[in-house]
Amino acid sequence: MATVRDVSSKLDSIDIALIEALQANARTPIAELGRKVGLSQPAASERVRRLEDIGVIVGYGVRLDPAALGLATEVSMRVRTSFDRFRPCVEHLKGVPEVVQLRRLTGEECLDLTVRLPDTVALEAVIDDIGRFGDVRTAVVLHAEPPKPLGRTLIRGCGARRA
């Protein structure tokens, strides 16, 4: 079972400013990051390296526009399966290219999927494929706001509520 490692109490305002700046643009040069937060290039580099070492920064990536790649249709799916079919279902879903996110849930519907498709015509085949493991509920996403970055209000706010 995964453990929760809360390192937020070890972060100061400069760490959080670096986190916010890197979420806005992970390609920002270290020297520019340092200027934004009031540190020298070596000090900023050391701070970023420490954030990586303690597991706050776990990687860097690219944000893609799925519509530009011909995958304009996003579907939210919930799957309800039995305990004996759960593991085979998860293993199967890991190999379904249209399933771009897979989360295990509590409750009656045990899996939450994000599926990307060119259109709703392609959806039928995916539903039929996944449906052999149990009940499938779908909702076509009409619009999604971009994910919010994790910033100082959330990081500090959650810690304050726990104290």
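Let's start with valine 48, which is found in helix α3, residues 41-53. Helices here are DSSP runs of H or I with at least four residues, strands are runs of E with at least two, and both are numbered from the N terminus. A word on the source: this is a predicted model, where local features need pLDDT of at least 70 and side-chain atom pairs count only at pLDDT 80 or more, while totals for chains, interfaces and linings use all residues. Residues are numbered from 1 along each chain as its sequence is written, and side-chain values use heavy atoms, with hydrogens and water left out.

Back to valine 48. Is valine 48 buried or exposed? Valine 48 counts as buried, at 5% relative accessibility. Buried means under 20% relative accessible area, exposed means over 50%, and partly exposed lies in between, with a 1.4 Å probe and protein chains only. Which residues does valine 48 touch? Leaving out residues up to four places away in sequence, they are Leu18, Leu22, Ile30, Leu33, Ile57 and Tyr60. Contact means heavy atoms within 4.5 Å.

Now the helix pairs. The axes of α1 and α3 come within 10 Å and cross at roughly 85 degrees. That makes α1 roughly perpendicular to α3. The classes are: under 35 degrees roughly parallel, over 145 roughly antiparallel, 65 to 115 roughly perpendicular, and the rest oblique. Axes are lines fitted to C-alpha atoms, for helices over the stretch in contact, and angles run from 0 to 180 degrees between N-to-C directions. From α1, the contact uses Ile14, Asp15, Leu18, Ile19 and Leu22; from α3, Arg47, Val48, Arg50 and Leu51.

Next, α1 (residues 13-24) and α2 (residues 30-37). Their axes also come within 10 Å, and cross at roughly 130 degrees. So α1 is oblique to α2. On the α1 side of this contact are Ile14, Ala17, Leu18, Ala21 and Leu22; α2 supplies Leu33, Lys36 and Val37.

Stay with α2. Its buried residues are Leu33, Gly34 and Val37. They cover an arc of only 100 degrees around the axis, which puts them on the same side of α2. The arc is that of the directions from the helix axis to the C-beta atoms. Their cover includes α1 and α3. Turned away from that buried side are the exposed Arg35 and Lys36. After α2 comes glycine 38, with a positive phi near 80 degrees.

On to the sheet. It is open, has four strands in the order β2-β3-β1-β4, and pairs antiparallel. Two strands pair if DSSP finds at least two bridges between them. The twist averages 20 degrees from one strand to the next.

Seven bridges join β1 to β3. Glutamate 74 has arginine 116 in β3 as its bridge partner. Five bridges join β2 to β3. There, glutamine 101 is partnered with threonine 114. β2 and β3 form a hairpin with six residues between them, and glycine 107 in the turn has a positive phi of about 100 degrees. How far is that from where we began? Valine 48 and glycine 107 are 39 Å apart in space, C-alpha to C-alpha, and 59 residues apart in sequence.

Last stop, α5, residues 123-131. Leu123, Val126 and Ile130 are buried. Down the axis they fall within an arc of 65 degrees, so they line one face of α5. The face turned away carries the exposed Glu124, Ala125 and Asp128.
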